[in-house]
Amino acid sequence: MDRTSKLLLRKIIIDFVCLLIVSLAVLMFFLFGKPYKRGFFCNDESLMHPYHSSTVTSAMLYVTGLFLPICTMIAGEYLYGRQYSTESSKILFGYTIPPWLWMAYIKVGVFGFGAATTVLVTDVAKYTIGRLRPHFMTLCVPDINCSLPENQFRYIQNFSCTAPGISPKLLKEMRLSFPSGHSSFSAYTMIYLAIYLQLRITWRGSKLLKHMFQLVCIFMAWFTAMSRISDYKHHWSDVLAGSTIGTIVALIVIFCIADLFEERRRSCRVEKQRTGDYEATEAGTQVNNGNANHNR
């Protein structure tokens, strides 16, 4: 194996290991995490909402949040690579990796790392705080007589759920209200996609088409966040915190890790250099022609 292939393979392996570590941490929380056992007040009306199914299910969230940006980035890098890319091809095990494919690998890899980081940051807060969801009273039916005067303003920590047929998964989920995972994940994926569209859509046939696509992305994240409140899955502050986490992670990944607009700045510098060289050449040609005419 030549040295170039070794370096390229090492980079790919390290990237996958980093992504795997963060993903495994998320999986450990999902399989073995135990949320903090937070109590409640009997007169807390914010915990007495009815239980509803999710308008935006977890499957819809993760399939759309991953599938749509990844497919968009692959198509975007392919179209960009055919027309504008100045990147050289990579060689791995004697096979040539097209520039657009390598750029797509970088874009998708960084995006995936940011998505896993968003989920991990959210889960750390969820399991550490253990805030009860708005439908807690309906779903749990705690074995506490809240009509008794001594229980009205007492913080109750020792209780058991008496609702028939409630699963251990729901008992765990009802303590994971803060922050909203749907809000953080949708904010990260859709803001990342909206800014990526700003980078790659350069068609000048319409001024508003690109911004229309970006608006759709933002609306998808906004609708997801609002549905968590209307479905009584989260308190409004949970949704606000989740959306803030997703937005901050997206901006950090975009401008500090991926640095999406570095290519554009580099292309502008190359274009300016070419223009300057062309103007210098033209000026030199004119001076030479003028000297030749003068000698005549």
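This is a predicted model: local features need pLDDT of at least 70, side-chain atom pairs count only at pLDDT 80 or more; totals for chains, interfaces and linings use all residues.
**Whole chain**

Start with the entire protein chain in cartoon view. It contains 9 helices and 4 strands. Followed from the N terminus, the elements come in the order α-β-α-β-β-α-α-β-α-α-α-α-α. Now switch to a surface display. The protein chain exposes about 17500 Å², and carbon and sulfur atoms supply 65% of that area. Of the 296 residues, 35% are buried. For the contacts between residues at least 6 apart in sequence, 83% link residues at least 24 apart.

**Annotated segments**

Next, colour the stretches that an unreviewed UniProt entry labels "transmembrane region": residues 12-32, 59-80, 100-121, 181-199, 211-229 and 241-261. Residues 100-121 are 100% helix and 0% strand, with 31 Å between the C-alpha atoms at the two ends. Residues 211-229 are likewise 100% helix and 0% strand. Here the end C-alpha atoms lie 27 Å apart.

**Helices H3 and H6**

Select helix H3, residues 99-129, together with helix H6, residues 181-200. How do these two helices cross? Their axes come within 9 Å, at an angle of roughly 155 degrees. H3 is therefore roughly antiparallel to H6, given that angles over 145 degrees count as such. The crossing is right-handed.

Show side chains to see the contact. On the H3 side, the residues include Lys107, Val110, Phe111, Gly114 and Ala115. Further along H3, Thr118, Val119, Thr122 and Lys126 also take part. H6 contributes, among others, Gly181, Ser184, Phe185 and Tyr188. Thr189, Tyr192, Tyr196, Leu199 and Arg200 of H6 belong to the contact as well.

Which form does the peptide bond from Phe178 to Pro179 take? The bond is cis, with omega near -15 degrees.

**Helices H7 and H8**

Move on to helix H7, residues 209-230, and helix H8, residues 236-258. The axes of H7 and H8 come within 9 Å and cross at roughly 160 degrees. This angle makes H7 roughly antiparallel to H8. The crossing of H7 and H8 is right-handed. To find the contact, pick Ala225, Met226, Arg228 and Ile229 on H7, then Trp236, Val239 and Ser243 on H8.

Asp259 is not a glycine, yet its phi is positive, at about 50 degrees. Is Asp259 buried or partly exposed? Its relative accessibility is 25%, so it counts as partly exposed.

For the last stop, go back along the chain to Val141. This residue sits in the loop between helix H4 (136-140) and strand E4 (155-156). Val141 is another non-glycine residue with a positive phi, about 50 degrees. With a relative accessible area of 38%, Val141 is partly exposed.

Methods: Residues are numbered from 1 along each chain as its sequence is written. Side-chain values use heavy atoms; hydrogens and water are left out. UniProt positions are given in the numbering used here, feature names are shortened, and annotations may be inferred rather than shown by experiment. Buried means under 20% relative accessible area, exposed over 50%, partly exposed in between (1.4 Å probe, protein chains only). Contact means heavy atoms within 4.5 Å. Accessible areas come from the Shrake-Rupley method with a 1.4 Å probe; for residues, only the protein chains shown count as cover. Axes are lines fitted to C-alpha atoms, for helices over the stretch in contact, and angles run from 0 to 180 degrees between N-to-C directions. Angles under 35 degrees count as roughly parallel, over 145 as roughly antiparallel, 65 to 115 as roughly perpendicular and the rest as oblique. A crossing is left-handed if the near helix is turned anticlockwise from the far one by less than a right angle, and right-handed if clockwise.
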